[in-house]
Amino acid sequence: MTKRDQLLVFIVTIGVFGIINTEMGVIGILPSIADHFQVSVSKAGLLVSLFALAVAVSGPTMPLLFSGVDRKKMMLLVLGIFVIGNMVSLLTTNFIIALIARVVPAFFHPIYCSLAFTVAADSVSEEEAPKAVAKVLIGVSAGMVIGVPIVSFLDSAVSFEMAMAFFAIVNVLVFFATVVFVPSMPVKERISYGTQLSVLKKLIPWLSIVAVILLNSAVFGVYSYLAEYLKTVTNMSPNATSLFLFIYGGANIIGNIAAGKLLTKNALKTVVIFPFALGVIYTILYLFGQLTFPMAIITLIWGILAGIGANINQYWIMSSAPEAPIFANGLFLTSANLGTMFGAAIGGIFIAKLGTPYVVLVGFISLLLSVVFILLRNYLSCTKNKSSCMLNWNRK
């Protein structure tokens, strides 16, 4: 990868961080948002849930609609919309306006992320693509698990306004970096809408989509309640809980880096082994989650595996439809968001009915079902191209 390509990947990685942080960062300041707009915390939570819903809905459609437009222009358009939305959210005192200013950019979220994955993959050879994509996914992880405490810190140490301004500042910086350093990237060979949509006529992409929904459900169905688990099962203080969340976040980034190497070395083995490895961690979590030291080790390994899982999800759908990369990345974003929503909802049901320790059941069930769909896809792929399948499995 040339220095120019490295700079390009770095810029889109920070861009992805800014967009994901806009989505997830408000989680850490929901009480302040509720106070600022004089609404309940549950109503303030609409800023998160409606954003996620908009991403899930627009994931397959928006990247497809704009797939023939110059990539630099589209990235600037999306970043500009996010900056405007951030500024409106910062300046308004009306909750409905703030909600609209959040949801409208959310519909454009999949365009930037899909382009970021595609641009990163196109900057290197096909064999090295997983490593390049893994770097962009570091931005996803950072936005999800590091942006939250940063925004929370700014809210408590500086001001609510500064916390809200942080979203706009990151996106403004990436906007100008894109203007100055990112070259024009016209689409040389435009893929027709029909060709891209035709991937949905095939069984393998659908098996991949269901597998990714289940894999993300397995991770986020349990992780969504990690703070609650640490509080009620491990009996940790709020400060200790924050520390463990930081550990998980840092480990997530380590997992992103490791995943790029693992998927490049042997993607098939990595995907097949992943559900079993995470299942072992959940078993240990259930047995020893009430003990502080084992919980620290569990959190570290769990975070690494979750980072690997994010890369697996993107790779699994992307590799099922390589002829339509931008559309496939949109399908990945929708599948991942659906998995998060379903997992969190089912995990909440298990907690309500059985108690917090049993939230791991959503992880076990999702992992078990994911193995079925992973093996089904592998079987169909190997039936069509046995020599290639065996070569990939035996590759060291």
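A cavity here is a set of points, on a 1 Å grid over the protein atoms alone, where a 1.4 Å probe fits but cannot get out. Grid points are joined across faces, edges and corners, and a volume is the space filled by probe spheres set on the points. The model is predicted, so local features need pLDDT of at least 70 and side-chain atom pairs count only at pLDDT 80 or more, while totals for chains, interfaces and linings use all residues. Residues are numbered from 1 along each chain as its sequence is written, and side-chain values use heavy atoms, with hydrogens and water left out.

**Stop 1: the largest cavity**

There are three cavities of 30 Å³ or more, and the largest holds about 70 Å³ of space. Select Thr22, Val26, Phe51, Gly85, Asn86, Ser89, Ala101, Arg102, Pro105, Met164 and Phe167 to show its lining (lining residues have an atom within 4 Å of a point). Helices H6 (71-91), H7 (95-106) and H11 (160-181) each supply at least two residues of this lining; helices are DSSP runs of H or I, at least four residues, numbered from the N terminus. The lining has six nonpolar, four polar and one charged residues. Ala, Val, Leu, Ile, Met, Phe, Trp, Tyr, Cys and Pro count as nonpolar, Asp, Glu, Lys and Arg as charged, and the others, Gly among them, as polar.

**Stop 2: H1 against H11**

Next, select helix H1 (residues 3-24) together with H11: their axes come within 9 Å and cross at roughly 155°. Axes are lines fitted to C-alpha atoms over the stretch in contact, with angles from 0 to 180 degrees between N-to-C directions. H1 and H11 are therefore roughly antiparallel (over 145 degrees). On the H1 side, the contact (heavy atoms within 4.5 Å) includes Leu7, Ile11 and Thr22, and on the H11 side Phe167, Val170 and Phe181. Its residues divide into 11 nonpolar, six polar and no charged.

**Stop 3: H13 against H15**

Move to helix H13 (residues 203-223) and helix H15 (residues 238-288), whose axes come within 11 Å and cross at roughly 50°. This pair is therefore oblique. Show Leu215, Ala218, Val219, Val222 and Tyr223 of H13 with Tyr248, Phe274, Pro275, Leu278, Tyr282 and Leu285 of H15 to see the contact. It consists of 11 nonpolar, no polar and no charged residues.

Terms used:
Parallel < 35°, antiparallel > 145°, perpendicular 65-115°, else oblique. 1 Å grid on protein atoms, 1.4 Å probe; cavity = no way out; pocket = protein on both sides within 12 Å on 5 of 7 lines; lining within 4 Å.
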